[in-house]
Amino acid sequence: MQYPIHPSQRTQKAPTKRTQRLLQGIVQRPSPNFNERGDASVLFLMQHYTAMDTTENAIQRLCDPKTEVSAHYVVGDDGTIYQLVAEDKRAWHAGVSFWDGHNSLNSTSIGIEIANPGDVPFPKVQMDAVTALSQDIIKRNKIRSLYVVAHSDIAPDRKQDPGELFDWQGLASVGVGVWPVPVQRDIDTSSKWTDADVMQSLNKFGFVTGQDLKTLVTAFQRHFQPEVFKNPQQVGVADDQTKARLACLLRRKAISNGLLARKKRLAGSAA
Ligand SMILES: [Zn+2]
């Protein structure tokens with residue numbers, strides 16, 4: 001039996017003229033803060049916000065050798081895309097990090113810093129640029145939808161970016177990342193989950209072990225249930241919707257892992 005996947009997540013449209021224009025207009029602002037990836041290849045796309053007052057201040061900080069931080073791209077609040085580090089180099093944006101069995105994600109990720117002080121809505125012109133850039137990175141690097149991550153996903157005890165105002169649902173609707181749309185089966189699967197089951201499911205989905213439940217539920221909600229941040233009492237508490245969305249994502253992950261394994265088998269038998 002097939003379970004529904006959001007139709008918009010099945011296909012990616014061909015780039016529009018506007019997308020091409022955006023990508024052709026990328027401004028080079030090289031940062032010295034990078035090293036070699038070594039044997040690692042790109043698996044992840046990571047979204048951040050800069051938590052700085054202006055785009056220019058953020059770029060200067062990410063280009064200052066003393067800070068030892070950088071990202072591959074910065075997207076300004078006016079939609080301008082800046083490239084600081086080449087994609088085949090290892091930019092320094094993730095820090096101590098973990099997702100789905102992978103450590104130290106600087107080696108295996110491409111990082112986008114989105115200019116935002118942290119508490120203001122992202123302008124549409126900026127999100128259009130983030131979308132175009134992300135689609136292009138995902139396509140060229142063959143990044144799995146489930147591996148489009150937030151800094152807060154991979155460092156849940158330290159980081160909150162790109163925050164609950166970031167439009168993950170909108171991005172998923174155009175092929176950037178995943179958005180959970182639970183079906184009855186997900187609701188049934190998760191309805192009797194205890195705290196221990198929720199913790200186990202969060203770890204199975206990708207979150208690091210050894211954190212307390214509230215920290216991980218908060219991080220999960222920041223990405224996949226941002227509406228709870230309007231009511232602080234709900235933050236960090238796994239309600240029915242949190243559980244159903246998590247069950248949905250685990251089901252999607254199982255399908256995706258199955259497809260990936262099959263693809264590898266086929267590639268192996270063809271070789
Ligand atoms: Zn960050």
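Residue numbers start from 1 along each chain, as its sequence is written. Because the model is predicted, local features need pLDDT of at least 70 and side-chain atom pairs count only at pLDDT 80 or more, while totals for chains, interfaces and linings use all residues. Helices (H or I, at least four residues) and strands (E, at least two) are DSSP runs, numbered from the N terminus.

The sheet comes first. Six strands make up an open sheet with mixed pairing, in the order β1-β5-β4-β9-β3-β10. Its edges are β1 (27–28) and β10 (148–150), each of which pairs on one side only. Two strands are taken to pair if DSSP finds at least two bridges between them. In general, strands of a sheet pair through backbone hydrogen bonds, either parallel or antiparallel.

Strand β3 (residues 44–49) runs parallel to β9 and is joined to it by six bridges. Along this pairing, Met46 sits opposite Gly111 of β9, and His48 has Glu113 as its bridge partner. Strand β4 (residues 73–75) also pairs with β9 in the parallel sense, over three bridges. Here Val74 is bridged to Glu113 of β9.

How enclosed is β9, then? Six of its six residues are buried, so the strand is largely enclosed by the rest of the structure. A residue counts as buried if 20 or more other C-beta atoms lie within 10 Å of its own, as exposed if 12 or fewer do, and as partly exposed in between, with C-beta atoms placed from the backbone. Both faces of β9 are covered: Ser109, Gly111 and Glu113 are buried on one side, and Ile110, Ile112 and Ile114 on the other.

Pro117 is partly exposed, with 13 other C-beta atoms within 10 Å. Setting aside neighbours within four places in sequence, Pro117 is in contact with Ala51, Met52 and Asp53; contact requires C-beta atoms, placed from the backbone, to lie within 7 Å. Pro117 and Leu165 are 48 residues apart in sequence and 12 Å apart in space, C-alpha to C-alpha.

Now for the helices. Helix α1 (residues 17–24) and helix α3 (residues 124–141) have axes that come within 10 Å and cross at roughly 85°. The axes are lines fitted to C-alpha atoms over the stretch in contact, with angles running from 0 to 180 degrees between N-to-C directions. The two helices, α1 and α3, are therefore roughly perpendicular, a label for angles of 65 to 115 degrees. Thr19, Leu22 and Leu23 of α1 meet Ala129, Ala132 and Asp136 of α3.

The axes of helix α8 (residues 213–224) and helix α9 (residues 240–270) come within 11 Å and cross at roughly 75°, so α8 and α9 are roughly perpendicular as well. Val217, Phe220, Gln221 and Phe224 of α8 make the contact with Thr242, Arg245 and Leu246 of α9.

Helix α9 has 31 residues and reaches 45 Å from its first C-alpha to its last, close to the 45 Å expected at 1.5 Å a residue. That expected span is 1.5 Å times one less than the number of residues. Buried residues of α9 include Ala244, Arg245, Leu246 and Arg252, and what covers the buried residues includes α6 (184–190), α7 (195–205) and α8.

How values were computed. Parallel < 35°, antiparallel > 145°, perpendicular 65-115°, else oblique. Contact = placed C-beta atoms within 7 Å.
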